[in-house]
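Open the model in your viewer and keep the selection tool at hand. We will go stop by stop.

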Amino acid sequence: MTELQPTTQPHPAEGRRSQIFQQLRLEKVTRSFGGTIALSGLDLTIQSGEFIALLGPSGCGKSTALNCVAGLLPLTDGSIWLDQQRIDLMPPERRGFGMVFQNYALFPHLTVRRNVGFGLVMRRMSKKEVRRRVDAALDLVQLKAFGDQLPGRLSGGQQQRVAIARAIVVEPSVILMDEPLSNLDAKLRLEMRTEIKRIHRDLQRTTIYVTHDQDEALSLADRIVVLNEGRTLQIGSPEELYTRPANLQVARFMGYRNILELDLERVEQQRVFLAGPDFRLEGIACAELAGRRAFAAIRPDDFLVTINEAGSRPTGARNSILGQAEIVEYCGRDYLVDIATSSGLLLHARTQRRVEPGARVHLEVPEERVLAFSAA
Ligand code: ATP
């Protein structure tokens, strides 16, 4: 059993922040580089123990946000607070946060034990206490047998575990992780994802995790912050983002691969009626809709795909689309099928039933899974 405690005990080292806090607050945190605004007015209140993912495409400002919290980058504007104490003017070492980087950043000439214990030795902790804590941290990341190895002899996943052990051994109040899994192959990534989830469950440490991978964010985080070009697009639980993205950009990021610009027929409260060249849809309005056009967003797995063996003709019924399978990709659990409608519109659908390229197919989609956004 690990001796690292899951609660927020004060750290014995002098000059470091107590780990007891209720909220970490980012208020209008802004960072520019020359004339470029890398992060614009990020407002975020994180509760103690929460796991927050910063998600977005390359260059959206995720690392900038993390480095501002870590104290590696001064803010251009805004402030950061641990409860009533302003911390954005403090040097990084006084914030008492632990960091895990994409490239592990281990000392190659030090053994695993000495890498993990480095921060404790720097804090002049007794040898006995260093040994006790390093043992507990290595136990937690399941690397006890590797303590005397040099990092170069470990796999990427094991090296990242060492980096995690090194971050948590100092009992940080907040753990900051910058794309920690992006150097690992697909299988190791999945394993380490579970490992990070387990460590967070055991320690309940407040964690901010940067990633561009929506699956990683959805599976790990209590809440996700979606960023684009330095701006906050949405903050919400994985379920909220997945089922109710706030706008088209978030929808795209959440796997709504079918984004269709259609005629807006009418809106009745939340219900929206849309028309394409050879089908009609009913969906849910996710924004104020006006004008003649709107976008429908549909995830590939929300289509029900059946083979149209009889070669039926369109009935005009809403949310019923006929087409022809073009590209069929086998994905193990199911097939991803590109389907062309008679007007040439290309749709993406997932189905567990095998579909042959060229087959005539019928697609249906429930109204609540068609999300409509403004074309403005
Ligand atoms: P990635 O996933 O590729 O790491 P990111 O979302 O973490 O991207 P940031 O590294 O935060 O993005 O960068 C945000 C913007 O700020 C980018 O346009 C980047 O070019 C710019 N930027 C970041 N660091 C610097 C710097 N030191 N000097 C100048 N511009 C920078």
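Start by selecting the cysteines. How many disulfides does the structure hold? The count is 0. This is a predicted model, so keep that in mind on the tour.

A disulfide is a covalent bond between the sulfur atoms of two cysteines. To count here, two cysteine sulfur atoms must lie within 2.5 Å. Now select C60 and C68. The closest cysteine sulfur to that of C60 sits in C68, 13 Å away, so the pair is too far apart for a bond.

Is C60 buried or exposed? C60 is buried, with a relative accessible area of 1%. Next, select C331. C331 counts as partly exposed, because its relative accessibility is 36%.

Now select the whole protein and switch to cartoon view. Look for 9 helices and 20 strands. Then show the C-alpha trace. Along its principal axes, the trace spans about 80 × 45 × 35 Å.

Bring the surface back. The protein has 376 residues, and 52% of them count as buried.

Next, display contacts. Take those between residues at least 6 apart in sequence: 68% of them join residues at least 24 apart.

Last stop: colour by charge. Which charged side chains does the protein have? There are 48 positive and 45 negative ones. The centres of the two sets lie 6 Å apart.

How values were computed. Residues are numbered from 1 along each chain as its sequence is written. This is a predicted model: local features need pLDDT of at least 70, side-chain atom pairs count only at pLDDT 80 or more; totals for chains, interfaces and linings use all residues. Side-chain values use heavy atoms; hydrogens and water are left out. Buried means under 20% relative accessible area, exposed over 50%, partly exposed in between (1.4 Å probe, protein chains only). Helices (H or I, at least four residues) and strands (E, at least two) are DSSP runs, numbered from the N terminus. Contact means heavy atoms within 4.5 Å. Lys and Arg count as positive and Asp and Glu as negative; His and the chain ends are not counted. The place of a charge is taken as NZ of Lys, CZ of Arg, CG of Asp or CD of Glu.
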